[in-house]
Amino acid sequence: IDPRQPRPQGNVVAVDAACSGNPGLMEYRGVYLGDGKEIFHAGPYADGTNNIGEFLAIVHILALQKQKGLCIPVYSDSANALLWIKKKKCGTKLARTGRNDVVFELIERAELWLQTHQYDDIPLYKWHTEIWGEIPADFGRK
């Protein structure tokens, strides 16, 4: 996508994550830009990272769309998460602490979903924050 294009709106979904600390309490969500409504919200989970949340948010919306037979473009402001989706593998260096077992279970489920489903018909794009401003799914905690 050419970043000179106007800010995406309408029939598209934006996903984002937030993390208080790194690692810290992590949550993620998806917002439909057609009406600005939150489609899903997960967390907070202990001892996660922002990149993990971004990765999980993308897989969440892909799975949701497949389940409902939809094909709506998805935007994420995380280059790391988009790369991890391409590789079908979460590239985190985060250590498992016991407190974040749930996070690692979500990662394993997400990776398995990516490896066992077709989703290349759903366009994934990078949100260009420097041009379009904060992604509409942003938690506003900067």
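This is a predicted model: local features need pLDDT of at least 70, side-chain atom pairs count only at pLDDT 80 or more; totals for chains, interfaces and linings use all residues.
Residues are numbered from 1 along each chain as its sequence is written, and side-chain values use heavy atoms, with hydrogens and water left out. Local features need pLDDT of at least 70 and side-chain atom pairs count only at pLDDT 80 or more, whereas totals for chains, interfaces and linings use all residues.

Q: How many salt bridges does a search of the whole structure find?
A: A salt bridge is a side-chain nitrogen of Lys or Arg within 4 Å of a carboxyl oxygen of Asp or Glu. Searching the whole structure on this basis gives a total of 6.

Q: Which residue forms a salt bridge with Arg29?
A: Arg29 is buried at 17% relative accessible area (buried means under 20%, exposed over 50%, partly exposed in between, with a 1.4 Å probe and protein chains only). The closest N and O atoms are 3.1 Å apart, and the partner is Glu38.

Q: How many residues apart in sequence are the parts that Arg99 and Asp47 tie together?
A: The side chains of Arg99 and Asp47 meet in a salt bridge with an N to O distance of 3.0 Å. Arg99 lies in the loop between α2 (79–87) and α3 (101–116) and Asp47 in strand β3 (residues 37–48), so the parts joined are separated in sequence by 52 residues. Helices (H or I, at least four residues) and strands (E, at least two) are DSSP runs, numbered from the N terminus. The separation asked for is 52 residues.

Q: Which residues are linked with Arg96 in a network of salt bridges?
A: Arg96 pairs with Glu108, the closest N and O atoms being 3.2 Å apart. Arg96 is partly exposed at 42% relative accessibility, and Glu108 is partly exposed at 43%. The network links Arg96 with Asp101 and Glu108.
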